[in-house]
Amino acid sequence: MTFKEAIALGIPKELPEAPIYDTTVSHAPKRKAILTLAEEKLAIRNALRYFPKAWHPTLAKEFLEELRSYGRIYMYRFRPKYTMYARPIEEYPAQCQQAAAIMLMIQNNLDPAVAQHPQELITYGGNGAVFQNWAQYLLTMQYLSQMTEEQTLHMYSGHPMGLFPSSPKAPRVVVTNGMMIPNYSKPDDWERFNALGVTQYGQMTAGSYMYIGPQGIVHGTTITVMNAFRKHLPAGESIQGKVFLTSGLGGMSGAQPKAGNIAGCITVCAEVNPAAARKRHEQGWVDELIEDMPGLIQRVKEAIAQKECLSIAYLGNIVDVWEQFYEAEVPITVGSDQTSLHNPWSGGYYPVDVSFEQANDYIANQPELFKQKVQESLVRHAAAINKHVSRGTYFFDYGNAFLLECSRANAGVMNADGTGFRYPSYVQDILGPMCFDYGFGPFRWVCTSGKESDLQITDNLAQQVLEELKKEASAEISQQMDDNIKWIKDAKQNKLVVGSQARILYADALGRTKIALAFNDAVRDGRLSAPVVLGRDHHDVSGTDSPYRETSNIYDGSRFTADMAIHNVIGDSFRGATWVSIHNGGGVGWGEVINGGFGMLLEGTAESEQKLREMLFFDVNNGIARRAWARNKEAQSALETELARTPNFKVTAAQAVDDQLIQDLFA
């Protein structure tokens, strides 16, 4: 059977052979057993409804074994035999090019070179799923192969509800993930309803088919790390020989060491999972792998003395590193944490003084003990950080719910009056006022030809646009322009591509639009051999409402609302997006954030041009308007600039209130 025939088939006509559990790839940890006996029965009923009744006696036993062995029903038997990767767009069986592009992006998210736990359909973050099971994948690809430009596929948390009549102007796919009734959005609710097979955690770009491997995280991390050092170091002092200490090479991939190398510092990144650490070292995302603490301390001291640019993966627990570096007087200039603490009880964070294997056993069989160990570890983790900060370290929360979970463990992370955290979110200190409020965020694209030559053409076009815009850029955004011009110039030599031929950079609405127009023209005149998919991380100006990350620098009391993200996905959907998504959950956790994303195919047509102009403008300025209404001065400045150049853009302006008036009123 050919690849195209397999895609068009969907659920196979004959029952495939029983699966053999593949021990050569990274698997998701066993999820805790949370279902009652009645709920287990319901989970089996739910799983069997995808298949012919004649198969039910065989599959029922198999699915129950999966549920009890792994905590979920993944339907391993139905995992396709063909190799999973993003093929050139013309290799997909499709009635319309937009559907083929979506198939390409789905396969990229599940490529073993890209995905964290590919056989469990998890792309990154420990639980960021594209689908709940393999039946959903097979049906979705089949529907996409049948879709015309007058149909829309509606996806309910990985489940393809079906193709509904629509119009060529409508999105081809609408995705929701984990959209729970508010009172059913606690961590155990995810465990329960995911085990039942009725919802999933889409993370940000996993469940919206827009993940491009570590590169997407590398860019944002690079911008953050460079600006963290700028904020902390005296003017003119070099970053060379300064240490950036962090953790997490699994769920957050190899982004941090690569970003540290680009920034020019010494990066030490701890990782407890040997497979994850060795994988990133073999892939070249980290320079050296060290497995013993004395060796680590000696190597870091050598690097400081020689002012090296170096990245080190330490195979061990981050708490030990913070504590031992303090005792050994290893100076840490900048520190953070990028473990998947949005998922603290299912392998997102591993406790100190417990082996990796033992911790996984606790997750599955003694979840309350595991939770206790994690919280004890967080108390030690925070205490060690506080000691380094007293010596001059700049520590920031990376929006992974580190400070939130520390506070819930009663660790020492609260400020003096107990009203907030003693350390800022990186959005509060860095990305919010420096990037998001000005409209700068993670714009990304994928060359659907799969050709490196096409990616090089897009890199050159993007660089030309940014250099032209830099000539007229205000002083407020000049540094961001410089950083992104340097990024795109160096992108090829930094070897950032994993999976699809993709790129990311930070740009505002004007930059994104001009770059997209250049791409569309290049597709039209044949300089690019195939269409280009546009997208972004949800971690952006407008797409996400997250009080502890993306909107943590909103101070008018609205940071716990989600109007912006909902308006974003609805507004994008009728302004030209090829597909749209809205998720509960993301980098900070289930129930802690609502985030929306999009994908858009540039086909080199006049219709594509109209869509990109309308949608990209709204996608960014929706967030700038909200941030300006919250009285963020940087956003107000960006809004004034946009209002001056766009006559049909009208926004309600926030009036400044005199502080003394408020003080006198309550005196």
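The model is predicted.

**Domain annotation**

An unreviewed UniProt entry places the feature "domain: Urocanase C-terminal" at residues 436-639. In the model, that span is 46% helix and 17% strand.

Strand 11 runs parallel to strand 10 (residues 334-335), and two bridges join them. Gly335 has Phe395 in strand 11 as its bridge partner.

**Exposed residues**

The table sets out two residues by accessibility.

| Residue | Relative accessibility | Class |
|---|---|---|
| Leu665 | 62% | exposed |
| Lys186 | 52% | exposed |

Leu665 counts as exposed because its 62% is over the 50% cut-off. Leu665 sits in helix 22 (residues 659-665). Leu665 also belongs to a nonpolar surface patch with Val657, Leu661, Ile662 and Phe666. Together, these five residues have about 550 Å² of accessible area.

Lys186 lies in a loop. That loop runs between strand 5 (173-177) and helix 6 (187-195). How far apart are the C-alpha atoms of Lys186 and Leu42? They are separated by 21 Å, with the two residues 144 residues apart along the chain.

Note on methods:
Residues numbered from 1 in each chain as written. Predicted model: local features only at pLDDT ≥ 70, side-chain atom pairs only at ≥ 80, totals over all residues. Heavy atoms only, no water. Patch = residues over 30% accessible without salt bridge, like charges linked within 9 Å, V, L, I, M, F, W, Y side chains within 5 Å. Areas by Shrake-Rupley, 256 points an atom, 1.4 Å probe, with all protein chains shown as cover. Salt bridge = Lys/Arg side-chain N within 4 Å of Asp/Glu carboxyl O. Helix = DSSP H or I, 4+ residues; strand = E, 2+ residues; numbered from the N terminus. Buried < 20%, exposed > 50% of the residue type's maximum accessible area, 1.4 Å probe, protein only. UniProt positions renumbered as here; feature names shortened; annotations may be inferred. Pairing = 2+ DSSP bridges.
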